[in-house]
Amino acid sequence: MCTPQQHPASARTARTGPPPATDRRTVLKVAGAGGLALTFSTAQGAGSPAYAAGNRDRRRAYVLVVDGCRPDEIDSGLMPNLAALRAGGRHFPRAHSLPVMETLPNHVMMMAGVRPDRSGVPANEIYDRALGETRTMDRPRDIRTTTVIERLNRHGFRTGTVLSKDYLFTIFGERATHRWEPFPLLPVTDHAPDLFTMEAALGMVEEFDPHLVFVNLGDVDRVGHSDLTGGSLQVLRRAALVSTDLQVGRFVSMLKSTGRWKRSIVVVLADHSMDWSRPDRVVSLTAPLADDPFLAGKVAVAQNGGADLLYWTGPAKQRERGVERMLAVARATPGVLSAHDRARSPRLRLGPNAGDVVAYCRAGWRFSDPNVVANPIPGNHGHPATRAIPFFIGGGHPAAAKAVSSTLATTVDVAPTIAAFFGLRGAPRGGWDGRSRI
Ligand SMILES: [Zn+2]
């Protein structure tokens, strides 16, 4: 969890109305179904005749992220709309999230098409060496590459973001032509309920008809994280699955009733899945690191639920020995699955923002730093147990024709898939890290 100081956007939870947009964008307030107030902001120039004439392509792509959904939950019988969408489309049953299995890095990978060593965003929480403190990666400039959103914009395509979580809204910033400002935000998770998010997605399609709309639905994740009552967890989680599935069903119905279905693909996936830990299965590395005479006072910890990122803050010439000690301390701590020398683990592809050592917890455990009470929530992700995700491409466009593929699709495949769907030429310098899945 973030402190208010680390996460200025959380102050918005107390606001009584949607925030004002910046001067560079115009604001449109729309009444959604049931009188819900929706606030959209639009990039200046997007309404000009030149822009409108720029691209008359009738294809549409929608990316719906069911945050924190496990693939088996689609088969639970509680999600018939998602199951039907999957059954009629291209299904990737072996799909997985990428390290660190957290929300921000995987949403950024979806739109950037490159891994965190190139996108700049390896985790939700990092230790910012320039600031000398841990912080959430929620700033637009944290994304250091060009996303497929901006690539589409350059070709005159309209783009939209409907992101339920405040930190997703802030990190993607003003990249999309049209964006919804999530409201109302619930406390703790800083996310808007799926009912509101889906109203916004429907309203955005109706008002602006973007070629690409990127949607995050946060309820399934929220229930996994914030409920502490054990026995009722399953009930609430099941209720969230049913409710989110209904919202997706509304979106599909809209596509069919407005004639968009035949020219659309609907990419559905999760950013990570979810794992639950018992109260006694908590790993806190801060104390054992501080107890080590060599490491004391020379390590910063960025806790990410199922993963801890450890940063050497001592003298540079002692870094190598520091990394060895951090690895040894982490590996000797009960509940730790593995610890990795980040710079010598090229397959992690996390980049220096992820620090020097990446530690994963075992299934059924969680990290809690700086102390054992810092992370009281049972549902966590970020570790390998939360790697499997649903991933399928539905829709009436031939690109979404029914198929099952055993390839290892990942979150980083979304951007190249969108680029291929719209026939965008070119790729990021150095190429995509993912592959088109159509
Ligand atoms: Zn997430």
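Modeller: The protein chain holds 13 helices and 20 strands, where helices (H or I, at least four residues) and strands (E, at least two) are DSSP runs numbered from the N terminus. The model is predicted: local features need pLDDT of at least 70, side-chain atom pairs count only at pLDDT 80 or more, and totals for chains, interfaces and linings use all residues. Residues are numbered from 1 along each chain as its sequence is written.

Of the 438 residues in the protein chain, 53% are buried. A residue is buried if 20 or more other C-beta atoms lie within 10 Å of its own, exposed if 12 or fewer, and partly exposed in between, with C-beta atoms placed from the backbone.

The part to look at is strand β13, residues 299-304. Six of its six residues are buried, so β13 is largely enclosed by the rest of the structure. In a regular strand the side chains alternate between the two faces of the sheet. Both faces of β13 are covered: V299, V301 and Q303 are buried on one side, and A300, A302 and N304 on the other.

Next come the partners. Two strands pair if DSSP finds at least two bridges between them. β13 pairs with strand β14 (residues 307-312) in the antiparallel sense, over six bridges; within this pairing, A300 has Y311 of β14 as its bridge partner. Two residues lie between the strands of this hairpin, and G305 there takes a positive phi near 75°.

β14 also joins strand β16 (residues 357-361) through four bridges, again running antiparallel, and A307 has Y360 in β16 as its bridge partner. Together these strands belong to an open sheet of four with antiparallel pairing, in the order β13-β14-β16-β15. β13 and β15 (336-341) are the edge strands, each pairing on one side only. From one strand to the next the twist averages 20°.

A helix lies over this sheet. Helix α12 (residues 319-331) lies across β13, β14, β15 and β16, running at about 170° to β15. Axes here are lines fitted to C-alpha atoms, for helices over the stretch in contact, and angles run from 0 to 180 degrees between N-to-C directions. Contact means that the C-beta atoms of two residues, placed from the backbone, lie within 7 Å.

Helix α8 itself is mostly covered, with eleven of its 15 residues buried, among them F196, M198, A201 and L202. Just after α8, D209 takes a positive phi of about 45°.
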